[in-house]
Amino acid sequence: MIRPIKRAVEDQLLDLPGVTAVDIGDKLRAGRSTGQQVIVVSVARKKSREQLKPGACVPADVFGIPTDVVEERPVLQHIHCAEHEPLTPRPRRAERTGVICGGSGIAPCRAVHLGPPDVSEAGPHRRIGTLGALVTGAAPMAVAMGLTTFDVGCLDDGWSVGDQMLDPEGGRVHAELARAALSGRVDAAAVALAPGSATTCVVEGIGPITGPATAYPGERVRKNGFGTGVTTGVVTSVDATVRIDHGEALGVRVLREQIRVVGSRERFCGPGDAGAAVLGPGGRVIGLHVAGSCDGEVGFASPIADVLVELDVELCTEPQRIHA
C-alpha cells in the first residue's frame, strides 16, 4: 500500500529544502521503533516548523500514510589523497599475494582537481575505492573484469574507455575502464583486468561468490571495503531514493530504489568503501555499495541485478583461481 504512494510523491518531497532521501521504514519515537510503517523523509538538518518558510515543511501524512522526519545525509565514500602523496595513506591491511579478488582497492591513474571542503588543500587528487567483485563480459570474447562504482572508476565527466587503473597497495597498473553507468538506479563501472592477471572469484575475508540475489528487509549482510574492511549489517529497506552530490562536474543525482543497510554493532561503511560488494547468506551478492551516512552507520547499495544488466556483465562464481 505504501510503495506506490511513496513513488508518486517522492519527487515533490525531494524538492523540499534540505531533503536528502525518501524511504519506507518504521516510525521512530525516542529512537525506538513503534512498529508502524511510514514514509521516512531524511533531511540534512532538522529544523522546527517556525524556522521553515510556509510550504517548506514535510507534511505529517501523505494520502493518509504518516511520515517521519530523520536527520541523515548520504555521501559518496572515497579516499582522496593529493597527487604527490602515497596512494595508501595508512598501513597496509594485509600482505597481498598479487591475486585480484573482491575487497581489494582500486584507483584511477588520472587525478581530479579538488578543493575545500572536500579536501584540506586545493589541487589534483587521486581517488581510491574498492574493487568489489569479479565479473565477465563479452567484448566480443569473454573478458575478466572487476566491479566498482562510477564515481571511483570515472571520477567526473572527463572519463573515457581505456582509462588506466592501479592497485593502491601494490602500485601497479592492473586494469582499465571498460564500462560505466550512472542512471536513476545504478552507480557502477567495470574495469577490464590486465591480461595474465591472477584472479579468484572470492571476496577477501568473506568467501566465494556463488551468484546474485535479491535483497529483502531483515536480511543479514556483509561487505569488505578498502576503507573499513569486513563489516556486517542488516537490510532495512529496498525502497530508498537518495539525493547524492557527485561533485561540480556531475552535480546532484537521484538514485531510486536503493538498498539501505544499517550496521549491526558498529558502523557499516566509511571512506574508501565505494564499490564494495554487499553479500547475503551463502555468498550471494545483493548489491554494490555506493554511499553511506556521514557517521557510517547506514550504507546504500545499488541492486546487483540492475548493475549487471546496465553493464551487460555476469558475476564470476568460480571458486578457484583464474587468469584474465
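Mentor: In helix 3, which spans residues 304–311, the buried residues are I304, D306, V307, L308 and L311; buried denotes a relative accessible area under 20%, exposed over 50%, and partly exposed in between, with a 1.4 Å probe and protein chains only. Helices here are DSSP runs of H or I with at least four residues and strands are runs of E with at least two, numbered from the N terminus. In an α-helix there are 3.6 residues a turn, so residues three or four places apart point the same way. Directly after helix 3 comes D312, whose phi is positive, at about 55 degrees.

The model is a predicted one, in which local features need pLDDT of at least 70 and side-chain atom pairs count only at pLDDT 80 or more, whereas totals for chains, interfaces and linings use all residues. Residues are numbered from 1 along each chain as its sequence is written, and side-chain values use heavy atoms, with hydrogens and water left out.

The structure contains 1 disulfide, the term being used for a pair of cysteine sulfur atoms within 2.5 Å. C201 and C316 form this link, with an S to S distance of 1.9 Å, and the 60 degrees about the S-S bond make it right-handed. Because C201 sits in strand 16 (residues 198–203) and C316 in the loop between strand 25 (313–315) and strand 26 (321–323), the pair ties together parts that are 115 residues apart in sequence. Both C201 and C316 are buried. C269, by contrast, takes part in no disulfide, and the nearest cysteine sulfur, that of C294, is 10 Å away. C269 is also buried, at a relative accessible area of 0%.

Another cysteine, C57, belongs to the loop between strand 2 and strand 3 (61–62). With its neighbours within four places in sequence set aside, C57 is in contact, that is, has heavy atoms within 4.5 Å, with L16, R49 and L52. Its C-alpha atom is 18 Å from that of I5, a residue 52 places away along the chain.

Beyond the neighbours within four places in sequence, the residues in contact with S293 are E72, R73, V75, Q77, V298 and F300.

F63, in the loop between strand 3 and strand 4, has a phi near 50 degrees, a positive value in a residue other than glycine. L155, in the loop between helix 2 (150–154) and strand 13 (164–166), has a phi near 70 degrees.

The pockets remain to be described. On a 1 Å grid over the protein atoms alone, a pocket is an open set of points where a 1.4 Å probe fits, with protein on both sides within 12 Å along at least five of seven lines, and lining residues have an atom within 4 Å of a point. Grid points are joined across faces, edges and corners, and a volume is the space filled by probe spheres set on the points.

The largest pocket has a volume of about 930 Å³. It is lined by 39 residues, of which L76, H80, D118, D245 and G247 are closest to its centre. At least two lining residues come from each of strand 5 (74–76), strand 6 (79–82), strand 9 (112–114), strand 10 (123–131) and strand 20 (229–245). The lining comprises 16 nonpolar, 12 polar and 11 charged residues, where Ala, Val, Leu, Ile, Met, Phe, Trp, Tyr, Cys and Pro count as nonpolar, Asp, Glu, Lys and Arg as charged, and the others, Gly among them, as polar.

The second largest pocket holds about 490 Å³ of space. Of its 20 lining residues, D26, L28, T236, R260 and V262 are closest to the centre. Strand 1 (19–29), strand 2 (32–43), strand 4 (65–71), strand 20 and strand 21 (252–263) each contribute at least two residues to this lining, and strand 1 gives the largest share, 5 residues. By class, the second largest pocket is lined by 6 nonpolar, 6 polar and 8 charged residues.
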